[in-house]
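I opened my notebook to look through a structure I had not seen before. Here is what I looked up, in the order I did it.

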Amino acid sequence: MDIPHLVKMANQIGEFFSAYPDAELARQEIAGHLQRFWDPRMRNAICENLAQAEAEGLSPLVAAAVRTLAHQA
Amino acid sequence: MSLPRETDFGTPARESDKLVTLSIDGIEVSVPAGTSLMRAAQEAGTAIPKLCATDSLEPFGSCRLCLVEIEGRRGYPASCTTLAEPGMQVRTQTPKLAELRRGVMELYISDHPLDCLTCSANGNCELQDMAGVVGLREVRYGMDGKNHFDCHSSLRQPKDESNPYFTYDASKCIVCNRCVRACEETQGTFALTIAGRGFDSRVSPGESQPFMESECVSCGACVQACPTATLMEKTVIELGQAEKSVITTCAYCGVGCSFKAEVKGAQVVRMVPHKDGGANHGHSCVKGRFAWGYATHKDRITSPMIRNRIDEPWREVSWDEALNHAAAELRRIQGEHGRSSIGGITSSRCTNEETYLVQKLVRAVFGNNNVDTCARVCHSPTGYGLKQTLGESAGTQTFDSVMKADVVMVIGANPTDGHPVFGSQLKRRLREGARLIVIDPRSIDLVRSPHVEASYHLKLMPGTNVAVVNALAHVIVTEGLVSEAFVRERCEWPSFEMWRDFVSRPENSPEAVEVVTGVPADAVRGAARLYAKAGNGAIYYGLGVTEHSQGSTMVMGIANLAMATGNVGRLGVGVNPLRGQNNVQGSCDMGSFPHELPGYRHVSDAIARGLFEDEWGVTLDPEPGLRIPNMFEAALDGSYRGIYIEGEDIVQSDPNTQHVEAALRAMECVIVQDLFLNETAKFAHVFLPGSSFLEKDGTFTNAERRISRVRKVMPPLGGKADWEVTQALANALGHPMNYRDPAEIMDEIARLTPTFQGVSYAKLERLGSIQWPCNDAAPEGTPTMHIDEFVRGKGRFMPTQYVPTDEKVNARYPLILTTGRILSQYNVGAQTRRTANSMWHGEDRLEIHPHDAESRGIREGDWVGIASRAGDTVLRATITERVQPGVVYTTFHFPESGANVITTDNSDWATNCPEYKVTAVQVLPVTQPSEWQQRHRRFSTKQVSLLPKHEKAGV
């Protein structure tokens with residue numbers, strides 16, 4: 001899957017939940033959203049290419065959520 | 001023999017707690033206060049003669065045929081305009097009344113041609129019936145006096161045949177005003193009037209113009225109301241009166257109008273809106289009533305076809321060969337590339353039973369969850385947003401609820417074009433005095449039309465919905481307009497506090513966001529106060545809400561507003577998504593999304609999954625599958641290579657056409673099941689003939705969750721209904737499916753889906769239609785949701801931070817393009833383009849504001865190039881102030897327009913619903929079609945040449 005495209009989509013999710021005052025809750029919600037709505041190949045692609053994704057601009061909050069996913073996998 | 005006529009009560013039903021008892025011809029009858037004598041008599045079984053009265057219209061009292069005698073009163077009052085009173089003694093038939101009525105009929109007939117035997121209304125003419133009822137035996141005045149029918153008469157008007165669907169023959173007009181009143185009361189267009197005075201009076205479209213040149217929207221209400229052959233369907237003139245009628249449901253928009261299909265054998269003569277239809281109450285629009293000829297259009301492809309590559313000729317084969325070939329290809333791809341390398345798309349134009357079977361095929365037979373539907377590109381944010389906040393992915397009301405609304409807020413929807421029958425009902429309510437707020441970048445008709453004017457039109461810049469909804473919320477919270485008692489009782493208080501604190505921030509005030517939204521702050525404040533203090537405030541919204549990068553956020557913002565003001569859970573209020581397609585609600589209900597089983601249960605829910613696993617005898621994948629845009633990405637990276645598409649044209653309807661085309665070209669097996677060789681089928685390897693709504697049984701579910709029967713009136717032209725094709729494909733893949741009819745499929749849906757538990761064909765037969773949830777708690781359905789508590793228990797407020805879209809204007813792309821649809825055409829146009837509806841809209845045009853046109857040297861009708869970051873196309877320009885400076889607009893009904901060549905693959909953050917409504921573009925005059933259009937023309941010509949010879953002739 002195209003990593004820059006996934007980064008854009010993931011950052012959009014992050015921007016929505018960043019309105020939560022509680023950052024930890026936001027991180028959980030982002031991870032939960034990716035888990036519930038992204039096909040595994042999309043999740044795997046971003047988890048396995050996290051360094052590239054961060055270089056492409058993945059926000060720190062979303063990166064933290066992706067690490068949670070990678071840890072669960 | 002003609003069809004039996006429905007009982008016509010003459011005047012509309014009245015609602016009242018008070019009953020009035022009177023005597024009619026010695027029979028005692030009790031009716032609600034406000035009921036006419038005419039209706040009361042019919043309730044008692046007595047049909048009083050009438051011509052100008054019909055129960056869809058308010059009484060008019062002009063024909064003088066319905067006279068009655070009332071004990072103790074002088075004269076002969078008209079029974080249509082005289083209300084029932086307690087103790088009245090009414091006589092409907094006396095020698096004097098008979099004499100008066102015969103006299104009236106004599107006058108009518110003296111100016112009416114006596115060509116009954118050759119008249120198109122023969123067998124269905126109320127004038128003829130009344131002449132018989134009153135016992136007319138002679139016309140003492142003769143037929144040689146001044147009249148409108150004699151070919152030598154100076155009063156005779158030529159027959160108006162300008163409308164493609166009906167004729168207007170003034171010589172047969174009895175000036176009953178029913179057509180004029182239908183245009184006003186039922187449709188709300190006010191296109192008709194009576195021109196002239198006295199004997200010269202005749203019906204006049206506009207200012208005595210032909211129908212096609214008037215404001216008439218061709219809804220046909222006037223034709224239906226006409227008691228003679230004055231206004232008559234051309235199909236009836238051509239074919240004669242029908243011999244039977246079948247009640248079915250329209251296959252166009254999400255209003256889901258009920259129709260009587262009047263047929264002879266297997267030939268449709270006309271479609272008549274069903275008076276008892278819960279969504280439409282006997283009204284319809286130009287599409288539903290008239291635009292059904294596509295079903296038998298010569299372009300239909302009725303034989304299965306296969307080919308190995310898309311540059312090869314199609315080969316007509318048997319159903320068995322096509323299905324076995326498709327099955328072998330799908331299994332080969334899975335064998336080579338894994339279980340998840342194939343998937344399917346269900347159709348929101350097909351029935352519930354058919355969409356259910358396609359998702360079952362994908363989940364149970366393909367063994368993955370790669371199933372999606374066109375709701376992805378329209379209302380998927382509604383599903384997400386309402387589930388998160390209210391707990392159910394559906395609108396909260398019935399359409400009739402609007403008649404109890406005090407303030408109606410219409411956001412990003414154009415009901416008079418997109419959902420015309422609801423649009424008419426809404427206008428009726430507005431004429432009664434309800435106030436209107438419109439939030440839309442364009443001046444849609446509702447903003448100002450006859451007898452309707454919006455109190456506020458928040459003409460925002462496309463892409464700033466969330467900023468506006470936050471500003472509305474800011475006013476409601478900071479000015480103390482929250483319904484705190486409702487929120488405390490019905491909602492999660494901590495979520496409310498979080499939302500309240502968020503929207504109260506100064507950056508969300510109307511004054512702060514004005515620079516972004518373009519909406520004056522005082523207008524936002526006024527609109528917020530009006531809605532919050534409404535009494536009953538109802539919100540209706542459409543794709544102008546959902547098709548944005550923040551579509552889901554906006555849906556949640558709307559739900560937040562409704563909860564904060566206590567506008568949920570009763571008649572007259574609510575959150576009402578206006579669904580685009582006839583069965584988009586149903587296709588979502590039936591588990592068409594890759595993450596949800598039927599009934600909106602997540603695939604990771606082991607208990608729900610277990611139900612289906614037990615029923616289907618397979619193990620289901622607990623992981624969500626690919627959504628349509630993800631399928632394209634996966635096709636381009638090689639992990640997704642086979643797709644079964646039932647009744648959807650993704651190449652024309654999905655954004656960034658060139659990206660979609662590239663994805664389809666990358667796939668090894670594209671199976672298209674459709675009526676026509678649509679744009680997607682040009683990239684297909686297997687074509688399976690689909691069936692129209694006239695050719696099969698099933699159910700559709702409309703925007704108000706109303707499940708209605710679709711009934712077969714003609715055999716499938718390709719030999720199989722769509723559900724039979726999917727079933728045969730499953731069998732070819734080795735998974736037995738042996739449903740005998742769609743009723744059995746619905747029984748399975750009911751067994752597995754709590755909200756459908758009480759639904760059956762037998763109950764639908766009895767009730768006519770059912771609004772889900774229908775179960776033990778609500779055995780006859782649920783018209784209004786969330787009455788005592790929200791489906792999720794407590795309503796949940798969600799924060800809705802405004803995030804500007806990435807699709808920004810700059811010097812290179814200085815304008816914003818937004819897209820929409822028009823009354824006469826429907827979505828990709830596959831159906832309506834193959835009807836005379838194209839007389840109203842024969843091409844997609846680009847609407848541009850005069851300032852933007854002038855600065856570019858663009859004149860009305862010029863060819864203009866529209867370029868975006870995704871591509872470019874060429875359309876003709878229409879210069880109009882409906883759009884604001886900086887914004888251009890087009891429809892997307894014609895494939896050669898390439899509207900979606902320009903739209904980008906930006907999408908909603910939660911659902912990937914494409915951002916059709918915001919594309920940065922430049923518009924400049926040009927002299928030739930775009931490169932894509934030239935390529936598309938060559939490709940389409942080539943694809944048609946690859947069809948079998950007899951099919952080419954038609955395409």
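**Entry: the model**
I'm working with a predicted model, so I keep in mind that every value here is computed from it.

**Entry: helix α2 of chain B**
I started with α2, residues 95-110 of chain B, and checked its length. It has 16 residues, and at 1.5 Å a residue it should span 22 Å. Its end C-alpha atoms are 22 Å apart, so the two agree.

Next I looked up which residues of α2(B) are buried.

**Entry: cavities**
Rolling a probe the size of a water molecule over the atoms shows where empty space is left. I counted twelve cavities of 30 Å³ or more.

The largest cavity has a volume of about 690 Å³, and 42 residues line it. Those nearest its centre are B:Leu543, B:Glu547, B:Thr819, B:Gly820 and B:Lys917. Two elements of chain B give two or more residues to this lining: α18 (543-546) and β31 (815-820). The largest share is three residues, and β31(B) supplies it. By class I noted 14 nonpolar, 20 polar and eight charged residues.

The second largest cavity holds about 220 Å³ of space. Its lining has 18 residues, and B:Arg349, B:Leu675, B:Ser691, B:Ser692 and B:Gln831 lie nearest the centre. That lining splits into seven nonpolar, seven polar and four charged residues.

I then turned to the second largest pocket, with a volume of about 830 Å³. It is lined by 37 residues, and B:Asp417, B:Asp445, B:Ile822, B:Leu823 and B:Arg882 are nearest its centre. Which elements of chain B give two or more residues to this lining? They are α11 (415-418), α12 (420-431), β32 (845-848) and β35 (887-891). The largest share, four residues, comes from α12(B). I wrote down twelve nonpolar, 15 polar and ten charged residues for the lining.

**Entry: cysteines**
How many disulfides does the structure hold over all chains? I got zero. I looked at B:Cys151 to see why: the closest cysteine sulfur, in B:Cys119, is 17 Å away, too far for a bond. B:Cys151 is exposed, with a relative accessible area of 60%.

B:Cys350 is in no disulfide either, and the nearest cysteine sulfur, that of B:Cys374, is 9.8 Å away. Buried or exposed, then, is B:Cys350? Buried, at a relative accessible area of 5%.

Most residues other than glycine have a negative phi, and most peptide bonds are trans. I went looking for exceptions.

A cis peptide bond joins B:Trp772 and B:Pro773, with omega about 0°. B:Pro773 sits in the loop between β30 (769-771) and β31 of chain B.

B:His786 lies in the loop between β30 and β31 of chain B. Its phi is positive, about 60°, although it is not a glycine. B:His786 is buried, with a relative accessible area of 3%.

B:His281 has a positive phi too, near 45°. I found B:His281 in the loop between β11 (267-273) and α7 (286-290) of chain B. B:His281 is partly exposed, with a relative accessible area of 39%.

Terms used. Residues numbered from 1 in each chain as written. Chains lettered and ligands numbered in written order. Predicted model: local features only at pLDDT ≥ 70, side-chain atom pairs only at ≥ 80, totals over all residues. Heavy atoms only, no water. Expected span 1.5 Å × (residues − 1). Buried < 20%, exposed > 50% of the residue type's maximum accessible area, 1.4 Å probe, protein only. 1 Å grid on protein atoms, 1.4 Å probe; cavity = no way out; pocket = protein on both sides within 12 Å on 5 of 7 lines; lining within 4 Å. Points joined across faces, edges and corners; volume = space filled by probe spheres on them. Nonpolar A, V, L, I, M, F, W, Y, C, P; charged D, E, K, R; others polar. Disulfide = S-S within 2.5 Å.
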